[in-house]
Amino acid sequence: MNDLFPNLRLELRRGCLILAVLAQLREEHYGYTLRKALADLGLEIEENTLYPLLRRLETQGLLVSEWREEDKRNKRFYRLSAEGGVMLKQLLEEWSSINASLERVLRMPLDQTVSSAGRS
Amino acid sequence: MDLLDRYLHAVKGYLPPAQQADIVQELRENILAQVEEKENSLGRALNETEQEALLRQYGHPMVLASRYGPRRYLIGPAMFPIYWYTLKMSLGIVALVCLLLPAVALLVAPGHAGSQIMNPLGSFFRVLAPMFTVMTLVFAGMDYFMEKSRSIEKWTAAWSPRSLPPVPSGGPVPPRSRRVGELIASLALGAWWLLALKYQFLILGPTRGLIRLSPVWAWFYIPFVILVTVGIAQSYISLVWPRAKASRTAADLVKTGGGAVVCLLLARSGDLIEPVVASAPGNGLAAIYNTGFVVGLSIGALVSAAQFSLILLRIFRQRGDGGFVASRKTAGTA
């Protein structure tokens, strides 16, 4: 049971993290500032999850990146691509729909939930 | 930062060569930015323990590098059940062919042709390792190319319930415990029978001091091995593929037909039991045993021949009843 929670939490977070990263990259960031910005908003992401995720999203065409000098150091800046913008819109609609459904499920009294499950 | 250099060097070793420099450079900049910020908040440089704690957040170099890889498995989840099933089946067949049969042959007749097979355990492992390697490589290759060509997705996208095979109409399958029991029983029976040809007290019991099996039995060693092997193989197939009707029927035909011929030939082979030394009790006992064997083997030949004929009759009847209407009726009653 103790091992189960981290695994289920990981599954639950996986899709949400992609959504958060895409949304946050409407504004340009490099890896570390993106991580900090998300953490400041309450979404902590481990470095070994976030940095490879950025690469993957870029490979999928959802992000674009460029090396640029800032504070006398070269950094790789990421931002949402046009394709990423379309994808973000679709994903947000999906997320809103799931969230609304989940809200309704959670608001339903327990006895009603059980009887609905029994009918289906 | 010595620790950072060592860490990044270790990560680099696990990364794909084409991306090593780019990923390591980006990681370095991100880590240095993090270090700088921490040093600014502390007002001093990080000591080695603090550097170590920071790098540990990134995880083991191998773990971090693996997250950059597009593919983290040799055989994917879609292919793995097929691979695992095939591997288990092959292991069972190799164990049967390389381990059990030569071991029984060696026990029964050390000088016999059957014992010329390589040392059973050695041959088992000699076959097992290449089999495992080749099978894994073949499946890994298939998985790689099917993923590349998206064959599995295309194949499953074209799926329809109409393409599924009909529900087997052979009635309920016996429980697994019973099928395991049958396999153990056929193994034990086969081993006993083949061992009994060498250790005659297993058949003759306490009378072994007076009588023994005649040399005639040696002629029937190979047919016995074949019948025992078919029996074990049939039980194994029933365990693994409980609805494999065709192979079960084929094995029944070999067992009953072969059994009838062996029984008949044994019954007509003259004395099957002979006295150890010519003496009145030995001769008398041998005569009783021989009469019993002739009667028993004749009955065995008749029963086996009848079973053989019934199986053949059933096969021909089923063929005659075949066709669309019959198959629909069968499916309806299943």
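In the predicted model, Val64(A) has Arg79(A) as its bridge partner in β3(A). This pair belongs to the contact between β2(A) and β3(A), residues 73-80, two strands that run antiparallel and are joined by eight bridges. The sheet that contains them is open and has three strands, arranged in the order β1-β3-β2 in chain A, with antiparallel pairing. Its edges are formed by β1 (29-30) and β2 (63-70) of chain A, each of which pairs on one side only. A helix of chain A, α3 (residues 47-59), lies across β2 and β3 of that chain. The direction of α3(A) is at about 125 degrees to that of β2(A).

Chain B contains 334 residues, of which 14% are buried. Its secondary structure consists of 13 helices and two strands. When contacts in chain B between residues at least 6 apart in sequence are considered, 71% link residues at least 24 apart.

The two chains meet through 13 residues of chain B, which are in contact with 11 residues of chain A. On the side of chain B that touches chain A, α2 (20-42) and α4 (61-68) of chain B each supply at least two residues. The largest share of that side comes from α2(B), which provides six residues. By residue class, the side of chain B that touches chain A comprises six nonpolar, four polar and three charged residues.

The largest nonpolar core has 26 residues. Leu25(A), Leu63(A), Val11(B) and Leu27(B) have the most contacts inside this core. Two or more core residues are given by each of several elements: α1 (4-24), α2 (31-40), α3 and β3 in chain A, and α1 (2-14), α2 and α4 in chain B. Of the elements, α2(B) gives the most to the core, namely four residues. In soluble globular proteins, nonpolar side chains tend to be buried together.

With residues up to four places away in sequence left out, Leu27(B) touches Tyr51(A) in chain A, and Leu8(B) and Val11(B) in chain B. Of these partners, Val11(B) is itself listed with Leu27(B) among the residues with the most contacts inside the largest nonpolar core.

Terms used:
Residues are numbered from 1 along each chain as its sequence is written. Chains are lettered from A and ligands numbered from 1 in the order in which they are written. This is a predicted model: local features need pLDDT of at least 70, side-chain atom pairs count only at pLDDT 80 or more; totals for chains, interfaces and linings use all residues. Two residues are in contact if their C-beta atoms, placed from the backbone, lie within 7 Å. Ala, Val, Leu, Ile, Met, Phe, Trp, Tyr, Cys and Pro count as nonpolar, Asp, Glu, Lys and Arg as charged, and the others, Gly among them, as polar. A residue is buried if 20 or more other C-beta atoms lie within 10 Å of its own, exposed if 12 or fewer, and partly exposed in between; C-beta atoms are placed from the backbone. Two strands pair if DSSP finds at least two bridges between them. Axes are lines fitted to C-alpha atoms, for helices over the stretch in contact, and angles run from 0 to 180 degrees between N-to-C directions. A nonpolar core is a set of buried Ala, Val, Leu, Ile, Met, Phe, Trp, Tyr and Cys residues joined through C-beta atoms within 7 Å.
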